Amino acid sequence: MTETVNNRHPDADIAPIFTERWSTRAFSSEQLTDEEIGKLFEAARWAPSSGNSQPWMVLYETDGPEREVFNSILRPGNQKWAPGAPLLGFFFAKNNRDDGGPLPTSQFDTGSAWMSLAFQATMMDLYAHAMAGIDKDAAYEKLGVSPDDYTVICAFVAGHRGDVSDLEDDLQARETPNDRDPVSQHVTRGVSR
Ligand SMILES: Cc1cc2nc3c(=O)[nH]c(=O)nc-3n(C[C@H](O)[C@H](O)[C@H](O)COP(=O)(O)O)c2cc1C
């Protein structure tokens, strides 16, 4: 595994996990154990959601012929690195309640589930990386999900860190935790001015 220097410096004294989590593309082929996979999804299970609706659905695969199907849904940019990760999944958000009523925060809630999974991965010295670069039509068709019922949000991979040198040169150059805008650029006290 490659060690990468993390040069993130938060502007306030926050828990280290917030800057330690980052989206590597260098994954080891080492499979995750069932226990590790179970913990990732258990963390997602406890995410908050509007009315405790829990409107997320995850489909994932690790290996075998169905994993090839999952891989084929990724856009070319992600095809360069993500198929090598041990687990590939897709997050879907439910469109409506079972009684047909609306779920207006369904996609927001599904993002919370993803974030819980990602932080759990960090706590386990694993990595998770979300991907919007997917063929959405293929996701519905190949994974057997009706767009009437669910909206596909993104794919993600999870696993152990691998060797950066296994990546193509352009991807190797991006293998470092990136920075953020200052809080003031996104957060305002009071009304918008
Ligand atoms: C919803 C979502 C979609 C993303 N899509 C892609 C993607 O298709 N390919 C990719 O390489 N990274 C993707 N990323 C990773 C982002 O580029 C990354 O999270 C962002 O640059 C912040 O870096 P960090 O996660 O390392 O902190 C995605 C992240 C999110 C949350």
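**Notebook: ligand shell, sheet and helix packing**

I began with the ligand and listed the residues around it: W22, S23, N78, A130, M131, A132, G133, C154, P177 and N178. The model is a predicted one. I then sorted this shell by residue class and got six nonpolar, four polar and no charged residues.

Next I looked up the sheet. I found an open sheet of four strands in the order β1-β2-β4-β3, with antiparallel pairing. I noted β1 (56–61) and β3 (127–131) at the edges; each has a single partner strand, so one side of each is left without a neighbour in the sheet. From one strand to the next I read an average twist of 25°.

I went through the pairing of β1 in more detail. Strand β2 covers residues 87–94, and six bridges join β1 to β2. The two run antiparallel. Within this pair I found M57 opposite F92 in β2.

Then I checked which helices lie across the sheet. I have α5 across β1, β2, β3 and β4 (150–159), running at about 155° to β2. I have helix α6 (residues 136–143) across β1, β2 and β4, and its angle to β4 is about 85°.

Last I took the packing of helix α2 (residues 34–45) on helix α5 (residues 106–123). Their axes are 7 Å apart, and I noted an angle of about 140°. The crossing of α2 past α5 is right-handed.

Which residues meet in this contact? From α2 I wrote down K39, L40, F41, A43 and A44, and from α5 A113, S116, L117, Q120 and A121. I sorted the residues of this contact of α2 with α5 as well, and they divide into seven nonpolar, two polar and one charged.

Methods. Residues numbered from 1 in each chain as written. Predicted model: local features only at pLDDT ≥ 70, side-chain atom pairs only at ≥ 80, totals over all residues. Near = placed C-beta within 6 Å. Nonpolar A, V, L, I, M, F, W, Y, C, P; charged D, E, K, R; others polar. Axes fitted to C-alpha atoms, helices over the stretch in contact; angles between N-to-C directions. Left-handed = near helix turned anticlockwise from the far one by under 90°. Contact = placed C-beta atoms within 7 Å. Pairing = 2+ DSSP bridges.
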